[in-house]
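Please have the model open alongside.

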Amino acid sequence: MSQKIEHVKCLIIGSGPAGYTAAIYAARANMFPVLYQGSQPGGQLTTTNEVENFPGYPNGITGPAMMIELQEQAQRFGTDVRDGWITKVDFSEEVHKVWVNETTEIHADTIIISTGASAKYLGLDSEQKYLKLGGGVSACAVCDGFFYRNQEVVIVGAGDSACEEAHYLSKLCTKVTMLVRRDEFRASKIMAKRVQNTENIEILFNTETEEVLGDGQVVTGVRAKNNRTAEVIEIPATGFFVAIGHEPNTKIFADYLKLDETGYIINTPGSSKTNLDGVFVSGDAADHVYRQAITAAGTGCMAALDAERYLAAKE
Ligand code: NDP
């Protein structure tokens, strides 16, 4: 098959806040960035309803609307925003090669990876239904917890994230019920203890979610089953938080970039540099700790500045 080969100065992979912020800075530095949006244009924020914690939006903004504004801002300075999915990379030479949709081959002087991470969900139909409706299912307590203040919520998961998020929610909500599928936490002892010592968090061990209950528009509760006794209970709740881990979207880079044991790209602390010259990372692809739109945007800025300095040093 004949392939089209294109040479670009700066290729940005991913279209969340990290990718678009990198694009704004790269475009303004005359790097003529080309940005591929990937399979979920706008990234994780497009599954969020209202964003109220991104500075500059005093009245809040919906996730999809915010991503359109970021895209427009990136395009205003000349970013070439394209539909497309990166299917293969070859970073073995100085000019990095990337293939789009198996056909277009791109050679890039610098690459900014902003492919993000995907929250894992249980996969129940009812969970997905209320997630899509924006009716009370969330994978981010820091983003959405505020909407459930003075209400009762359920959270599923038993790792550090679930403990951290349960604790965060306990400060806003009247009651947090935590569903743990085994008879113990996976979280570190200190995180688990904090949850166990919080009065308004009830922990149900050996308990699995059967169904997210609702009135067709919003969540009204959760049906859960004890996997030891087979007892089924219904827990009233207006919010259902899923904290069972994230998966960084980094698999295609695994042959070339250093990843940690859970797949996050390892960057030089305090910079966006990866183990390869000219390849930079921003956003959740390298961050399992903060995972916020604003931190992703901040590291997107860092990646564009690092890429620009890398090119300047080569000239
Ligand atoms: P983890 O993979 O550590 O934990 C996932 C949890 O979800 C496990 O308890 C697992 O249960 C549970 N789970 C998975 N699938 C299901 C399911 N289908 N139904 C019910 N429960 C399920 O992910 P985290 O996001 O918590 O943490 C990821 C990494 O980030 C870890 O290394 C963690 O230490 C780190 N982290 C550190 C923080 C900090 O230090 N402040 C904060 C947050 C994360 P089971 O245990 O039964 O497998």
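## Pairing of β7 and β8

Val100 has Thr104 as its bridge partner in β8. The model is predicted. β7 and β8 pair in the antiparallel sense over five bridges. Their hairpin has three residues between the strands. Within that hairpin, Asn101 takes a positive phi near 50 degrees.

## Thr104

Thr104 belongs to strand β8, which spans residues 104-113. Is this residue buried or exposed? Thr104 counts as buried because its relative accessibility is 18%, and the cut-off for buried is under 20%.

Leaving aside residues up to four places away in sequence, Thr104 touches Lys4, Val98 and Trp99.

Strand β7 runs over residues 96-100 and is mostly covered, with five of its five residues buried. Both faces are covered. His96, Val98 and Val100 lie on one side. Lys97 and Trp99 lie on the other.

Strand β6 (residues 86-90) also pairs with β7, in the antiparallel sense and over four bridges. Lys88 has Trp99 of β7 as its bridge partner. A hairpin of five residues joins β6 to β7.

## Enclosed space

How many cavities of 30 Å³ or more does a search of the whole structure find? The search finds one. The largest cavity has a volume of about 30 Å³.

Its lining consists of Ala139, Ser161, Glu165, Val242, Ala243, Ile244, Gly245, His246 and Arg291. By class, four lining residues are nonpolar, three polar and two charged.

Notes:
Residues numbered from 1 in each chain as written. Predicted model: local features only at pLDDT ≥ 70, side-chain atom pairs only at ≥ 80, totals over all residues. Heavy atoms only, no water. Helix = DSSP H or I, 4+ residues; strand = E, 2+ residues; numbered from the N terminus. Buried < 20%, exposed > 50% of the residue type's maximum accessible area, 1.4 Å probe, protein only. Contact = heavy atoms within 4.5 Å. 1 Å grid on protein atoms, 1.4 Å probe; cavity = no way out; pocket = protein on both sides within 12 Å on 5 of 7 lines; lining within 4 Å. Points joined across faces, edges and corners; volume = space filled by probe spheres on them. Nonpolar A, V, L, I, M, F, W, Y, C, P; charged D, E, K, R; others polar. Pairing = 2+ DSSP bridges.
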